[in-house]
Amino acid sequence: MKKSRGILMISMKKLVLIDLVLIIIIALSAFDAHAHRVTIFAWVDGDTIHTQSKFSGGKRVNNGEINVFDPDGNLLLKGNTDEKGEFSFKVPKKTSLKIKLIAGMGHQNEWIVPVEEIEPLEQDRLVLSDQPVDSNKVLETKTKASTETGLTREELEQVVEQTLEKKISPVMQMLSDLSDPKPRISDILGGIGYIIGLVGIGAYFKNRKKTDSENP
Amino acid sequence: MHISEGVLSWPILASGAALAAAGTAVGLKKLDYDRIAQAGILSASFFVASLIHVPIGPSSVHLILNGVVGLLLGWGAVPAIVVALFLQAVLFQYGGITTLGVNTVIMAGPAVICYLVFAPMISKKPRITFLATFAVGFFSVLLGGIIVGLALMFTEKNFFEVAALVIAAHIPIMIIEGFVTAFCVSFLKKVQPSLLPGSYQ
């Protein structure tokens with residue numbers, strides 16, 4: 001009997017200790033995340049916008065609903081993600097676009113494609129083709145390029161674009177992964193710290209009430 | 001089960017916030033000095049529990065532990081869960097600030113209901129205790145799914161479809177939570193029975 005009471009006496013302290021240790025172990029081992037937040041990442045490639053949607057933890061959003069809005073909130077187009085969480089569409093309007101992902105069960109998120117990402121390609125092209133002053137120069141480089149490589153300007157442009165696309169796609173993939181920040185250890189420990197602080201504040205106020213009522 | 005920002009219309013957000021505020025007030029009043037530390041520990045457990053995901057079935061779901069928190073704290077679970085949900089929203093971007101009230105109702109509402117229903121059954125025969133505590137873990141998640149369906153009913157139209165989807169996705173976690181809750185209580189019964197609600201009555 002005595003022995004068991006002794007066990008009970010230490011157990012309270014032990015329990016708190018065990019609990020704290022457990023919480024920290026959980027926190028440390030919890031880097032693999034889970035389905036509770038969805039992210040959408042979109043990038044512009046020429047006149048096409050690619051989007052990739054996933055749940056935190058990297059699981060792709062299969063058959064999620066994608067809605068594209070202009071800045072005034074008008075729905076421009078609608079679509080669904082494939083099993084890789086991807087959905088691509090042609091730029092429907094030359095404004096900044098708000099791409100909204102609805103993944104069901106109350107999960108949603110959005111990505112805004114600024115107008116600068118959609119426009120510059122157009123402007124560059126315009127500048128390149130509308131050069132009445134230096135038209136001789138352009139002609140010169142054009143003939144030069146075609147004589148040296150056997151490629152016209154358009155073909156060259158296409159080749160460059162394709163190569164760039166190939167080189168950039170892993171980077172885009174990486175950016176897409178980075179846009180899904182997982183909870184960091186500092187967040188987790190910080191949160192636990194806040195809770196301990198709140199316990200202190202709560203204990204302070206309750207204790208003041210208690211001592212007030214004890215010594216009126 | 002965290003509902004993201006911008007999904008719900010403001011009347012639902014407002015009523016969720018009002019309910020959560022009322023529950024928090026009741027909880028803070030009922031939380032006595034001796035149990036503040038316990039509330040803090042359980043709040044911290046709830047805060048990190050959502051990081052544990054269980055890869056069962058087609059989707060992976062995470063532990064919620066609202067049943068355990070409710071069972072051990074009663075109404076005190078509401079402030080504990082509000083704090084944890086707020087920190088999850090700010091630090092992990094789960095849920096959101098505007099949906100804090102609704103998410104609190106989703107998690108803490110079932111916790112309190114399960115406490116009121118099942119807590120009196122604890123500390124009788126071990127088998128009954130096991131069943132009751134399993135039910136706490138199980139139904140606190142199930143009821144949460146139903147409340148999610150109710151909250152989304154006004155945006156995604158079909159209540160049964162949404163609720164069924166949420167509940168189906170959480171069936172594994174209901175069972176796991178049931179066992180976790182039962183295990184926690186049987187452990188506490190051995191080492192620290194005064195923490196259990198039965199001994200308070």
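The legends below describe close-up views of a predicted model.

**View 1. The β3-β4 hairpin of chain A.** Strand β3(A), residues 65-69, runs antiparallel to strand β4(A), residues 75-80, and five bridges join the two. Together they form a hairpin with five residues between the strands. G73(A), in the turn, has a positive phi of about 85°. The covered face of β3(A) consists of I66(A) and V68(A). Its uncovered face carries E65(A), N67(A) and F69(A).

**View 2. The three-stranded sheet of chain A.** This open sheet has the strand order β1-β2-β5, with antiparallel pairing. Its edge strands are β1 (38-45) and β5 (86-90), each of which pairs on one side only. From one strand to the next, the twist averages 20°. Strand β2(A), residues 48-55, pairs with β5(A) in the antiparallel sense over five bridges. In this pairing T48(A) stands opposite K90(A) of β5(A). Strands of a sheet pair through backbone hydrogen bonds, in either a parallel or an antiparallel arrangement.

**View 3. P114(A) in the loop between β7 and α2 of chain A.** P114(A) is found between strand β7 (107-113) and helix α2 (115-118). P114(A) is exposed, because 11 other C-beta atoms lie within 10 Å of its own, and the limit for an exposed residue is 12 or fewer. T95(A) is 19 residues from P114(A) in sequence, and the two C-alpha atoms are 7.6 Å apart in space.

**View 4. Packing of helices α1 and α4 in chain B.** Helix α1(B), residues 10-30, packs against helix α4(B), residues 77-92, at an angle of about 125°, and the axes are 7 Å apart. The two helices are therefore oblique to each other. On the side of α1(B), the contact is made by A20(B), G23(B), T24(B), V26(B), G27(B) and L28(B). These residues meet A77(B), V78(B), P79(B) and V82(B) of α4(B). By class, the contact of α1(B) with α4(B) comprises seven nonpolar residues, three polar ones and no charged ones.

**View 5. Packing of helices α4 and α5 in chain B.** Helix α5(B), residues 100-118, packs with α4(B) at an angle of about 140°, and their axes lie 9 Å apart. This angle makes α4(B) oblique to α5(B). The crossing of these helices is right-handed. From α4(B), the contact involves A77(B), V78(B), I81(B), V82(B), L85(B), F86(B) and A89(B). From α5(B), L100(B), N103(B), T104(B), M107(B), A108(B), A111(B) and V112(B) take part. Of the residues in the contact of α4(B) with α5(B), 12 are nonpolar, two are polar and none is charged.

**View 6. Two loop residues of chain B with positive phi.** L65(B) is not a glycine, yet has a positive phi of about 65°. L65(B) sits in the loop between β2 (61-62) and α3 (66-73). With 27 other C-beta atoms within 10 Å, L65(B) is buried. Q93(B), also a residue other than glycine, has a positive phi near 60°. The loop that holds Q93(B) lies between α4 and α5. Q93(B) counts as partly exposed because it has 19 C-beta neighbours inside 10 Å, whereas a buried residue needs 20 or more.

Key. Residues numbered from 1 in each chain as written. Chains lettered and ligands numbered in written order. Predicted model: local features only at pLDDT ≥ 70, side-chain atom pairs only at ≥ 80, totals over all residues. Helix = DSSP H or I, 4+ residues; strand = E, 2+ residues; numbered from the N terminus. Pairing = 2+ DSSP bridges. Axes fitted to C-alpha atoms, helices over the stretch in contact; angles between N-to-C directions. Parallel < 35°, antiparallel > 145°, perpendicular 65-115°, else oblique. Contact = placed C-beta atoms within 7 Å. Nonpolar A, V, L, I, M, F, W, Y, C, P; charged D, E, K, R; others polar. Left-handed = near helix turned anticlockwise from the far one by under 90°.
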